[in-house]
Amino acid sequence: MRKKLKLGNIVRVNFIGSNYVCEIIEVVDKTTYKARNIKTGVIVPNLRWKAHKDKKSVWFIEAFISDTPGAKSTKSIDTRKQTTKKSELDRAIKKQKDFIKGNVKK
C-alpha cells in the first residue's frame, strides 16, 4: 500500500530483514521520508516505499500503521524529587552561621 505520508504517521520499516516501528519526522520530497525509531530514537534517512527504493538501499517502508503518533513518554517533566521549604532552609542557614561564629548548641 503506497500512500503519501505526513509528519507524525507511524510506519513499519524494514532494515536488513528486521522490522522497526518508526514515526515520520520529515518529508524530504514526494517519495522520500526521514523517520525516527520510536523505541531507540535512531533516525533513519532516505526512506522510501519498497516499490520506489534504490537498489543499494538497505531500508524501506514496509507498511503504514496509523495516522496518530504513539504514546508520549509517561515520565514527569518536573525532575525535582523533593524540595526544601523556605522556613527549613532559613533555619539551616542560621544554624550554619552560628556554627561558624563558634556558638554550638548541644
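Two strands are said to pair if DSSP finds at least two bridges between them. In this predicted model, Glu23 has Arg36 in strand 3 as its bridge partner. Five strands form an open sheet in the order 4-3-2-1-5, with antiparallel pairing. The edge positions belong to strand 4 and strand 5, each of which pairs on one side only. Averaged over the sheet and with direction ignored, neighbouring strands are turned by 40° against each other. The model also contains a helix, helix 1, at residues 86-101, and three salt bridges in the whole structure.

**Strand pairing in the sheet**

- Strand 1 (residues 10-15) and strand 2 (residues 18-27) run antiparallel and are joined by six bridges.
- Within this pair, Val11 has Cys22 of strand 2 as its bridge partner, and Val13 has Tyr20 of strand 2.
- The hairpin of strand 1 and strand 2 has two residues between the strands, and Ile16 takes a positive phi near 50° there.
- Strand 2 is joined to strand 3 (residues 33-37) by five bridges, and these strands run antiparallel.
- The hairpin that strand 2 and strand 3 form has five residues between them.
- Strand 1 also pairs with strand 5 in the antiparallel sense, over six bridges.
- Arg12 stands opposite Ala63, a residue of strand 5.

- Arg12 forms a salt bridge with Glu62, in which the closest N and O atoms are 3.3 Å apart.
- Because Glu62 lies in strand 5 and Arg12 in strand 1, this pair ties together parts that are 50 residues apart in sequence.
- Glu62 is partly exposed, at a relative accessible area of 32%, and Arg12 is partly exposed, with a relative accessible area of 32%.
- A further salt bridge links Lys34 and Glu26, whose closest N and O atoms are 3.5 Å apart.
- Lys34 is partly exposed, with a relative accessible area of 26%, and Glu26 counts as partly exposed at 35% relative accessibility.

**Helix 1**

- Helix 1 comprises 16 residues and, at 1.5 Å a residue, should span 22 Å; its end C-alpha atoms are 23 Å apart, which agrees.
- The number of buried residues among the 16 of helix 1 is zero, so the helix lies largely in the open; buried here means under 20% relative accessible area.
- The side chains of Lys86 and Asp90 meet in a salt bridge, at 3.8 Å from N to O.
- Asp90 and Lys86 are separated by about one helical turn, because they are four residues apart in helix 1.
- Lys86 counts as exposed at 63% relative accessibility, whereas Asp90 is partly exposed, with a relative accessible area of 40%.
- Gly102 follows helix 1 and has a positive phi, near 100°.

**Nonpolar surface patch**

- Phe15, Ile16, Tyr20 and Val58 form a nonpolar patch on the surface, and their accessible area together is about 350 Å².
- Among these residues, Ile16 is the one with a positive phi in the hairpin of strand 1 and strand 2, and Tyr20 is the bridge partner of Val13.
- Val58 lies in the loop between strand 4 (43-47) and strand 5 (59-66).
- Val58 is partly exposed, with a relative accessible area of 39%.

Note on methods. Residues numbered from 1 in each chain as written. Predicted model: local features only at pLDDT ≥ 70, side-chain atom pairs only at ≥ 80, totals over all residues. Heavy atoms only, no water. Patch = residues over 30% accessible without salt bridge, like charges linked within 9 Å, V, L, I, M, F, W, Y side chains within 5 Å. Areas by Shrake-Rupley, 256 points an atom, 1.4 Å probe, with all protein chains shown as cover. Salt bridge = Lys/Arg side-chain N within 4 Å of Asp/Glu carboxyl O. Buried < 20%, exposed > 50% of the residue type's maximum accessible area, 1.4 Å probe, protein only. Axes fitted to C-alpha atoms, helices over the stretch in contact; angles between N-to-C directions. Expected span 1.5 Å × (residues − 1).
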